[in-house]
Amino acid sequence: MKNLFLILFALVCLNSQAKKWPLIEDHDKIIETAKTDIDKALQAPEGELYVLASENKIKGTYVFDISIREKGRVSSVNIVERIEGNIPDQNRIKDAIKDFRLSFKMPKGKSYKFRYTFSF
């Protein structure tokens, strides 16, 4: 029983080591990487934002100010502009971005803001 516990503990530790996100400290690199992550999520056929847009038949162009904080979390999403879209689709995208997880982490106590235009 003790050996089984040790083996399971070792596997959990190894698995948690494998999921660590890289730390990016340069402001421009953080913004560039965040935009690249969103671009990937919008690509067919597996991107989570692409799937959301396809399933909900989202159309239009939406401009958001996105703030991100440590550990690659989106802290706020503010609507800047909506072109040829509707409010329910805008809110769906906003909620999906709010739950979006970036592939990197940032220095503690720092937050960054950038503008992103979604065109569907």
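Reader: Which residue in the turn of the β1 and β2 hairpin has a positive phi?

Author: Lys-71, with a phi of about 65 degrees; three residues lie between the two strands of that hairpin. Strands here are DSSP E runs of at least two residues, helices H or I runs of at least four, numbered from the N terminus. The model is predicted, so local features need pLDDT of at least 70 and side-chain atom pairs pLDDT 80 or more, while totals for chains, interfaces and linings use all residues. Residues are numbered from 1 along each chain as its sequence is written, and side-chain values use heavy atoms, without hydrogens and water.

Reader: In what sense do β1 and β2 pair, and over how many bridges?

Author: Antiparallel, over nine bridges; pairing takes at least two DSSP bridges. Ser-67 has Ser-76 in β2 as its bridge partner.

Reader: How many residues does the largest nonpolar core have?

Author: 26, with Ile-38, Ile-97 and Phe-118 among those with the most contacts inside it. Such a core joins buried Ala, Val, Leu, Ile, Met, Phe, Trp, Tyr and Cys through side-chain atoms within 4.5 Å, buried being under 20% relative accessible area with a 1.4 Å probe, protein chains only.

Reader: Which element supplies the largest share of this core?

Author: α2, with five residues.

Reader: And what does Ile-97 touch?

Author: Leu-49, Ile-66, Val-74, Val-77 and Phe-118, leaving out residues up to four places away in sequence; contact means heavy atoms within 4.5 Å.

Definitions and conventions: Buried < 20%, exposed > 50% of the residue type's maximum accessible area, 1.4 Å probe, protein only.
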